[in-house]
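Trainee: Please take one part of this structure and go through it closely. I would like to look at the aromatic rings and what surrounds them.

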Amino acid sequence: MKMKGRIINEGNAKGEAVVLDMPFSFIGDFDPDTGSLTIPNHPLSGKSIGNKILVCTTGKGGTIAPFLAYQAKENNNAPAAILCRKVDPILCESALAIDIPILDSFNKDPVKFIKTGQFIIIDGDEITVSK
């Protein structure tokens, strides 16, 4: 399956998808030392997003989020890229701080069409999803 999105920060990436059906924050939803999700009572809590493609609805959080993203990048635990329905300023700033691709406004809803574990290739504004 192929999708197209709006590039917020350009770049190419590939990796396994981790799909959250909710807004994501580097503050409280994520441990930068391990790369793991820390969302209480969420089925993906404990799953690493390090070097994976994070797919989420949007972002949330505060101004410290980019610093936590940078800490994760220094620990080799940051996501390789972020795909979301609609980017918010904090998630955008976090992706820019660690210079990873981030895209939104897709022609197909990434949260509905991409499943955790699928392999994603990001080439500019084109996303290829394989099983």
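Mentor: Start with F26, which is buried at 2% relative accessibility; buried means under 20% relative accessible area, exposed over 50%, and partly exposed in between, with a 1.4 Å probe and protein chains only. The model is predicted, so local features need pLDDT of at least 70 and side-chain atom pairs count only at pLDDT 80 or more, while totals for chains, interfaces and linings use all residues. Residues are numbered from 1 along each chain as its sequence is written, and side-chain values use heavy atoms, leaving out hydrogens and water.

F26 pairs with F30 edge-to-face, at 5.3 Å centre to centre and 85° between the planes. Rings of Phe, Tyr and Trp (its six-membered ring) pair if their centres lie within 6.5 Å; planes under 30 degrees apart are stacked, over 60 edge-to-face, and the rest tilted. F30 is itself buried, with a relative accessible area of 5%. The count of aromatic pairs comes to three. In another of them, the ring centres of F24 and F30 are 6.2 Å apart and the planes stand at 75°, so this pair is also edge-to-face. F24 is buried, at 0% relative accessible area.
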